[in-house]
Amino acid sequence: QGVEGKPVHAVQEGYIARIVVSPWGYGHALYIHHPNGTTGVYGHLQRFVNPVADYVQKEQYAQERFAVDLSLLPEQFPVKKNQIIALAGNTGSSSGPHLHFEIRNTETGFLYDPLEYYQTQVQDSRPPKIEGFTIYPMEGRGSVNGSARKAELKMPVGKIEAWGDIGFAVKAYDYMDGTSNIYGVRRLAMAVDSQVIFGSNLSGFSLDETRYINSFIDYEAWTEHRSFYMKTFVEPGNRLSFIKSLNRGIIRINQERTYRIVFRLRDLYGNLTQQTVFVEGKRQDITSPDTEGEYFHWRGENRFGAKGIRLLIPPGNLYDDIYFQYAVQPREGTLADVHTLHKPTIPLHGNALLSLHLPTDTPDDIQKYGIVRLQNKRALWIGGTYRNGWIDANIRHFGSYTIMPDTQPPRITPIRPATWVTGRCITLYIADNLSGIQTYRGEIDGQFALFEWDGKKGLVSYRFDGKRLARGTHSLRFTVTDVCGNSSEYNHSFVW
């Protein structure tokens, strides 16, 4: 209902095994182990209920920090089915009030589709809806409508002529009764002339598979336009377990005839959408692949070096072969040239090691220098480790990189201090210009005070605690330190 504070109930008996409090990610989160070998995960909670809330606060004061990750014994907090365990909220990296809910295999971490447990409570008579397709000529092996470029096809799909090897992607969402929310499609199948050559059944997946989604979707369409296209062909490095295919879902157009491509999309309730696309096999020139650059094999270890740069991509971090492209140019305000590594629309599965050389080998304060990624006129801090005139850092994206210093301390701005005493809450805004906030600490009369951090809004708040704060005159000291060691301090006296 778009509000915080709704009671959250335990779906099954068990015990609270883990409690996480973070300004990012799931925010306030509970993990409840159940006797049947599953774990319920509840994220973005507004707050916990007692006695859990008191326990968490006690641990926060003991550790003198807001963010905690607590593991518990089975006897500490047993839970009954339907017991209220928390209030729903908007903490962490949440875009609005809601409950993030998961059901996992306790031992393996495998995620199940929670909707399977709630089919009788949730009504759904609406089938998935297809919004369009993208058709891809395989590089150097296919052509569509006389072009080697992918083609986006709106509904209704018009005439398609192709030759050689091609692949499809479908843009589609699922819907449910009584809500305008959009959902992913549970089952997707593609058949060519009645033979199914691709199928996905998203009944669950392992946590360590998550990043393979970047290969399942059209990563370029997602990053540039937030359009969600699901590929019905499989790149060589894609290891998603819920996908099955023949010939990796690639369609071979090698006869001058009409090919009938049928897409079937189903939700968990069996609601079906079916769409037929006809492809006319027509001989046409196939453009040779672009071989400019250095050849990187998706399965192997790939290295690149040039003046002032070294790049190492470990095995398994590419989803398909590429011809790695590189460019370099000077840029004002940076300590090194700007190195552009291939195309940001090509995803990396895991970390690659980037090393950039400092033109000045002995800067005054090496701690304040780091690698940054330049994106949309912004510098995104990566950081790194200094090594004999080089800075080494792990990166997870292709794109443009350079070296910049962070010499500015974080900002601390009091928010309506005149209302702090009457509202029984101290609120500050904290922000950093580049490397990001590493630590912060609030003290009242020299003793640790628990300031909760809302990472999205940049706000830290201390609610007056009568058990720890006596009436009288008090002094507040608040310090913030960024990743590069720059610090700021705010002091304030108040009477309560």
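This is a predicted model: local features need pLDDT of at least 70, side-chain atom pairs count only at pLDDT 80 or more; totals for chains, interfaces and linings use all residues.
Residues are numbered from 1 along each chain as its sequence is written, and side-chain values use heavy atoms, with hydrogens and water left out.

I begin with the chain as a whole. Its secondary structure comprises four helices and 40 strands; these are DSSP runs numbered from the N terminus, helices being H or I of at least four residues and strands E of at least two. The C-alpha trace spans about 90 × 65 × 40 Å along its principal axes. Of the 496 residues, 47% count as buried; buried means under 20% relative accessible area, exposed over 50%, and partly exposed in between, with a 1.4 Å probe and protein chains only. Among contacts between residues at least 6 apart in sequence, 66% join residues at least 24 apart, a contact being heavy atoms within 4.5 Å.

I turn now to the salt bridges. The structure holds 23 of them, each defined as a side-chain nitrogen of Lys or Arg within 4 Å of a carboxyl oxygen of Asp or Glu. One of these joins the side chains of D165 and R141, with an N to O distance of 3.2 Å. Because D165 belongs to strand 12 and R141 to strand 10 (residues 129-144), this pair ties together parts 24 residues apart in sequence. D165 is buried, at 5% relative accessible area, while R141 is partly exposed at 37%.

A further bridge links D193 and R257 at 2.9 Å, N to O. D193 lies in the loop between strand 13 (187-192) and strand 14 (195-201), and R257 in the loop between strand 18 (251-253) and strand 19 (258-266), so the pair connects parts 64 residues apart in sequence.

Next, E489 pairs with R477, their closest N and O atoms being 3.2 Å apart. The former is in strand 40 (residues 487-495) and the latter in strand 39 (residues 473-482), so parts twelve residues apart in sequence are tied together. Salt bridges with shared partners also join E64, R441, E443, R477 and E489 into one network.

What of the backbone? Two peptide bonds deserve a look. The bond from N50 to P51 is cis, with omega near 5 degrees, and P51 sits in the loop between strand 4 (38-48) and helix 1 (52-63). Another cis bond joins M155 and P156, with omega about -5 degrees; P156 is in the loop between strand 11 (151-154) and strand 12 (161-173).

Positive phi values also occur. R416, a residue other than glycine, has phi near 50 degrees; it lies in the loop between strand 33 (411-414) and helix 4 (420-423) and is exposed, at 61% relative accessible area. For R424, phi is near 55 degrees, and this residue is in the loop between helix 4 and strand 34 (425-431).

Finally, I consider T427, which is in strand 34. Is T427 buried or exposed? At 15% relative accessibility, T427 counts as buried. Leaving aside neighbours within four places in sequence, its contacts include W420, L459 and V460. The C-alpha atoms of T427 and P417, ten residues apart along the chain, are separated by 7.7 Å.
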